[in-house]
Amino acid sequence: MGRIIVFTSEDLNSKQLLKALESRKLPYDEVSLSDRPSRITDLASLVNCSGVPQMFINTRAVGGLNRSLKELKRWDNSSRFESPLQRYEEEVAPAEDPSEQDPRLLTSSAGYKVVDTPPAPIQPHIVVKLVTGKVVPLREATELMKEALPQMGDHKYKGVTYHKCFSGHDLISSLRNTLDISDDKCVRFAKRLLEAGILHHVNEKAHPDEHDFLDASKEYYRLQCYANPLILNSYRIWRSGRRNCVTVVEDLQKRLSAVENSNVDDEGLLDYLRARADHEYTVFEDAACELQNFSKEDLGALDENNFTAMALNIYSIMLRYAYLKVGIPLTESDRMQFLGAVQFYLAGDTYSLKDWIEVLRGKKSKFSVKKDYRAHFAMNMGAYNGSGWSSPLPRFTSANLDVELNLAGAVFCSEERNLNVKRNNGTVTLSSVFKQYRGDFCKDDKSLLKILQKFASGKQESDISTILDDKEKFKVVYKNPELGFHVSAGPWYNQTGVETLHEKKKRIRRPSITNKKDPLGGSDHSMSSNQSSYSWR
């Protein structure tokens, strides 16, 4: 019996294609390369590309996400059939089983299956005793206080404006009215919140006794989870135990992927607003704070492959986290400012996304990193970088890092906006990554094309050969990434302090910039005026 076969991975591009098939009630067999990585060689030999998703109709290779969606729309518009399902039943299903013609198209149990363990539960080392006497983990107490606290707003303290805060007096009044308890009990409970790190004074330098709560109308407090909106993993101050850093990063990837995959719409597009309201997103935010507790000694003890694989995984996590918490940059200038403004805590230090790129480049790194231009492929491929192709592997590993970096190069170069050769007019379109970080690759355009030829396949590879053999000089055009192709509804970031929550019904990705005031808040006093765009739940 004939069928549709889809090679997939744990990525949003794969999810989007599967949703497109399901919405048309089209049966399909899935080959998950995340579960069965040994099948990557089958895919690569079938289509000269290891990027996913890849759809086959029987033995015919349709292509990746964009070509597969075009094929399905062509089925929608067919006048010969009443529906795509009818076409499937009359044209596809009666054919011979494709795996009998080509064993590489085997599905179900073919290939060794990797059993991925779920992330370890977060141990509630810090608990808070509520006024009712119930003892709850810090995260649960934080979420309860978000609902119980008074209206938060902008307040001045010693000439500086602080956001998302409230006075000590308003806090006590709110607790008294909500819980029907005395002021003395309210003050004692507020002190417990201070001790747990859930609450803090807006200016701790001017208020050195961090556990001394003041019931005053001119003393201002706010929740720790709102204190540093541009520092991603600042939901709480991590005071719990220390685990193996590689294991922690793997657990974070699993938690974040679960949040993303649980919050896609019927078209397979990620609904960021729904994801931010998801209980599991809050669990992820709490868990991400464990990066604060890494030790420099443990990181320094990792060899090049171990640290580089972990650092690439951290970058992927933090970029995706930033899109959820802060927003998606609208333009290239926004993106560059975004990379410098958005930060995260790690091992007692604060890194911006741009700082971490420099670490992976082997610049200013305190750790043993593998200095390799292929890291740029790894950091700039996949749905989160606007590509229709994704890696078939969910994460980088120290044991197979060299193979995985080559795979990242092949996936990156499969995207036309990253590498597109027009030999008829001698034009080569390249990602702006090659312009910005040219020194990490080589000195001249010809040498760069020779490098990229190693990762190209099929027509791209032959076109590069033709261009290189031609004595005439070719023209290079650089193209910036366009983000947001995997988004259903989400926050948009730009450096002018404007945020638009844009609902998308079609694949129209980028909203126009308006000049209205951000309804969700402004910048912290510690940020410059051009670093003020962010959003809160």
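Four strands form an open sheet in the order 2-1-3-4, and their pairing is mixed. The edges of this sheet are strand 2 (29–32) and strand 4 (60–63), each of which pairs on one side only. On average, neighbouring strands of the sheet are turned by 25 degrees against each other, with direction ignored. The model described here is predicted.

**Strands 1 and 2**
- Strands of a sheet pair through backbone hydrogen bonds, either parallel or antiparallel.
- Strand 1 (residues 4–8) and strand 2 run parallel, and they are joined by 4 bridges.
- Within this pairing, T8 stands opposite S32 in strand 2.

**Helices against the sheet**
- Helix 1 (residues 12–23) packs on the sheet, where it touches strand 1, strand 2 and strand 3 (54–57), and the direction of helix 1 makes about 160 degrees with that of strand 1.
- Helix 3 (residues 65–76) lies across strand 3 and strand 4, and helix 3 runs at about 105 degrees to strand 4.

- S14 has its place in helix 1, and S14 counts as buried because its relative accessible area is 1%, which falls under the 20% cut-off.
- When neighbours within four places in sequence are left aside, S14 is in contact with T8, S9, V52 and P53; T8, one of these residues, is also the one that stands opposite S32 in strand 2.
- Although S14 and L65 are 51 residues apart in sequence, they are 7.5 Å apart in space, C-alpha to C-alpha.

Terms used
Residues numbered from 1 in each chain as written. Predicted model: local features only at pLDDT ≥ 70, side-chain atom pairs only at ≥ 80, totals over all residues. Heavy atoms only, no water. Pairing = 2+ DSSP bridges. Helix = DSSP H or I, 4+ residues; strand = E, 2+ residues; numbered from the N terminus. Axes fitted to C-alpha atoms, helices over the stretch in contact; angles between N-to-C directions. Contact = heavy atoms within 4.5 Å. Buried < 20%, exposed > 50% of the residue type's maximum accessible area, 1.4 Å probe, protein only.
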